[in-house]
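Try each task yourself before reading its solution.

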Amino acid sequence: MASALSASLTVVTVTDSITLADRVEDLLPQTQCTKCGYAACRPYAEAVAVGTANYNQCPPGGIEGVARLAALLGKPVIPLNPANGVERPRPLAVIDESLCIGCTLCMQACPVDAILGAPKQMHTVIEALCTGCDLCVAPCPVDCIAMVPVTGAATGWDAWTEAQARAAREHHDQREARLARERDAAEARVAARRAASSTASEAAVAVSAASAAPADTPAPAATVADDADARKRAIIQAALERARQKKAELAAKGAGPQNTERVSADVQAQIDAAQARRRRLGIEENAESAPTSPAADAPATPRVPKP
Ligand code: SF4
Ligand code: SF4
Ligand code: SF4
């Protein structure tokens with residue numbers, strides 16, 4: 001009797017913890033495409049739940065998706081809002097590898113880590129993970145990503161399954177968790193560097209003061225600052241030299257940058273900005289020597305024929 005009561009209480013607790021936003025989110029296709037006007041499916045679900053977004057703003061779900069939300073909310077089925085896009089056959093992203101310059105902008109835009117590549121290396125799409133969200137297309141500076149329809153005449157939920165939606169949601173959540181870990185790690189590194197630099201500066205001031213002839217003559221602040229600047233310049237110089245050597249070694253092995261000879265100034269600026277972002281996040285170490293991707297351990301699948 002006691003165990004039956006306990007089981008019953010457990011069910012009630014779990015049921016009560018599911019919010020309306022959870023229920024709305026469960027009905028969304030999870031392509032994370034942002035076409036609804038929100039950063040991902042979850043924020044849209046929350047907006048629908050509190051009534052700040054309408055339930056007809058998700059083109060990947062199509063009219064079937066609107067009907068599912070209408071049933072949950074007890075409202076009539078209304079047409080998709082054309083301002084958010086149209087219902088269409090589901091596409092997959094295909095990269096023309098002969099044009100790819102390896103800038104990684106598409107990888108950074110992909111909400112489900114479906115793109116495999118490394119800086120200045122050719123990139124490719126892992127079909128099984130691609131949700132057809134289009135988000136990689138716009139950032140590509142050389143227009144080498146095509147969205148190829150792969151579901152014939154089937155559109156919306158007829159072209160997408162519950163299992164695919166669950167998988168896409170999981171991949172998106174994993175990516176968000178990874179990005180949060182990387183941000184935390186980068187912040188921790190910056191804090192550690194600041195702490196070390198501050199300790200070194202204090203030590204330098206102490207040494208300088210102790211070695212000054214008259215005990216009551218403080219070391220000039222400019223001298224300490226000059227020393228710190230000189231050290232910084234030496235470190236940067238050494239890093240640049242190491243980078244030059246590494247580039248030369250890679251080029252000698254035929255593993256240097258691909259298709260980077262004829263990029264425009266605009267494209268180069270985008271590549272530089274992407275690299276600067278990675279450096280700020282502290283995630284570029286060994287990127288050139290060991291091609292990796294967040295989804296590198298996912299199984300590669302046969303590619304879609306080029307259009
Ligand atoms: S699939 Fe796209 S449009 Fe639909 S809720 Fe998710 S992010 Fe919004
Ligand atoms: S590869 Fe492109 S279209 Fe496919 S999920 Fe990633 S960003 Fe979206
Ligand atoms: S954005 Fe375009 S050029 Fe850059 S890595 Fe992706 S496919 Fe290649």
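What follows is a set of tasks, each with a worked solution.

Before you start: this is a predicted model, where local features need pLDDT of at least 70, side-chain atom pairs count only at pLDDT 80 or more, and totals for chains, interfaces and linings use all residues. Residues are numbered from 1 along each chain as its sequence is written, chains are lettered from A and ligands numbered from 1 in the order in which they are written, and side-chain values use heavy atoms, with hydrogens and water left out.

**Exercise 1. The overall layout**

Task: Work out how many helices and strands the protein chain has, and the pattern they follow along the sequence.

Solution: 
- Start with the rule: helices (H or I, at least four residues) and strands (E, at least two) are DSSP runs, numbered from the N terminus.
- Counting that way gives eight helices and four strands.
- Walking along the sequence, you get α-α-α-α-β-α-β-β-β-α-α-α.
- Now for burial: buried means under 20% relative accessible area, exposed over 50%, and partly exposed in between (1.4 Å probe, protein chains only).
- Of the chain's 307 residues, 34% count as buried.

**Exercise 2. The nonpolar cores**

Task: Find the largest nonpolar core and say which residues have the most contacts inside it.

Solution: 
- A nonpolar core is a set of buried Ala, Val, Leu, Ile, Met, Phe, Trp, Tyr and Cys residues joined through side-chain atoms within 4.5 Å.
- The largest one has 18 residues, and Ile-95, Ile-115 and Ile-145 have the most contacts inside it.
- Strand 1 (91-95) and helix 5 (105-109) are the elements that give it two or more residues.
- Strand 1 supplies the largest share, three residues.
- Apart from this core lies another, of 15 residues, including Val-24, Leu-28, Ala-47 and Val-66.

**Exercise 3. Around the ligands**

Solution: 

**Exercise 4. Cysteines**

Task: Say how many disulfides there are, and whether Cys-133 is buried or exposed.

Solution: 
- A disulfide is a pair of cysteine sulfur atoms within 2.5 Å.
- With that cut-off, the count is zero.
- Cys-133 has 8% relative accessibility, so it counts as buried.
- Cys-136 is buried too, at 8%.

**Exercise 5. Rings**

Task: Find the aromatic pair and explain why it is classed as it is.

Solution: 
- Rings of Phe, Tyr and Trp (its six-membered ring) pair if their centres lie within 6.5 Å; planes under 30 degrees apart count as stacked, over 60 as edge-to-face and the rest as tilted.
- One aromatic pair passes this rule.
- The ring centres of Tyr-38 and Tyr-44 are 5.9 Å apart and the planes sit at 45°, so the pair is tilted.
- Tyr-38 is partly exposed at 25% relative accessibility, whereas Tyr-44 is buried at 1%.
- One more ring to check: a charge sits over a ring if NZ of Lys or CZ of Arg is within 6 Å of the ring centre and within 35 degrees of the ring normal. Arg-68 lies over the face of Trp-157, 4.2 Å from the ring centre.

**Exercise 6. Loop residues**

Task: Locate Gln-30 and say what its phi is.

Solution: 
- Most residues other than glycine have a negative phi.
- Gln-30 is not a glycine, yet has a positive phi of about 65°.
- Gln-30 sits in the loop between helix 2 (20-26) and helix 3 (41-50), and is buried at 2% relative accessible area.
- Asp-134 has a positive phi as well, about 75°, and lies in the loop between strand 3 and strand 4.
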